[in-house]
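Open the model in your viewer and keep the selection panel at hand.

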Amino acid sequence: MDDINWNKIIFIENEQKLIYFDQKTYKLPMAILNLYSDRVRHLDLSFNKLSSFESLELFTQLEELVLDNNSLTDDIIFPAQLNRVKLLSLNNNKFVNLDLLLTKLSLCFPNLEYLSLLGNPACPCHLLNPKNTEYDYLKYRLYIIRYLPRIIILDAQRVKKMERDFVRNQQRQQQDDDSGSTSSDGLDNSSSSGNSSPLRFFYTNLSNRFGVRRKESPVYNPLPESIREAGDHRGAYGKCRYRYIGAQSEGNRFILNTDL
């Protein structure tokens, strides 16, 4: 019989939700499958060491799957098709190859609407890693929206109509001009006006409409940003009178009468 810590298993019957967390097993034990596989719509397998997911096919009613903090890598193999799953959370794992992961997700989760990849090397979120920029994260979002057109929520943020429209326009342009060059991340990199790419033009629109700013490299300067006129100053000076009244303070042990 599998070694199961039943204290770390929570089943909420009215929500049809199973939380199986912080276990030492590499696959779901048979006892768990026999008890819950036909009763679960929401499955949370966070903080485990799972590497085999073949048993997920037995969860015929499964709609939400959480696999956060499982040290999952690009070698993961999902079941053939989990058509009912609409929510998938893969936060804080070790996915690096975004192309490979999206290919697997599009095949195994064809009706996916909610996806989160925060905390993975493949997710260039500027809020979690200062080396990334908002521009990097925007390109990442556009790429996923193109691969998974049903996505509604990506990384806890709703997909904007402007993002979806941009992806559709890019697809139409590529269909109209098959000989056009494409960038390494799958987005058309041809110039639409001058030297600015459509992606940069779209980013500029987002900046103006939603207040997104491209992160510039900080330049250190020890001098103030502006110079005031000779008579314009903010300095002040004066004499401050302070009377010490802490007679019972521990600091009195180090104050001599001659210091008073």
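Strands (E, at least two residues) and helices (H or I, at least four) are DSSP runs, numbered from the N terminus. Two strands pair if DSSP finds at least two bridges between them. This is a predicted model: local features need pLDDT of at least 70, side-chain atom pairs count only at pLDDT 80 or more, and totals for chains, interfaces and linings use all residues. Residues are numbered from 1 along each chain as its sequence is written, and side-chain values use heavy atoms, without hydrogens and water.

Select residues 9–12, strand 1, and residues 17–20, strand 2. They run antiparallel, joined by four bridges. I9 stands opposite Y20. Four residues lie between the strands, and Q16 has a positive phi near 55°.

Find L18: its bridge partner in strand 3 is L43. Now show helix 1, residues 30–36. Strand 2, helix 1 and strand 3 form a right-handed β-α-β unit (with the strands pointing away from the viewer, the path from the first strand over the helix to the second runs clockwise).

**Stop three: N48.** Select N48, in the loop between strand 3 and strand 4 (64–66). Is N48 buried or exposed? N48 counts as buried because its relative accessibility is 6% (buried means under 20% relative accessible area, exposed over 50%, partly exposed in between, with a 1.4 Å probe and protein chains only). Show its neighbours: leaving out residues up to four places away in sequence, N48 touches Y20, F21, D22, Q23, N69 and N70 (contact means heavy atoms within 4.5 Å). Finish at D22, whose backbone nitrogen lies 3.4 Å from a polar atom of the N48 side chain.

Note on methods. A polar contact is a pair of N or O atoms within 3.5 Å; within protein, one must be able to donate a hydrogen and the other to accept it, and residues adjacent in sequence count only if both atoms are side-chain atoms.
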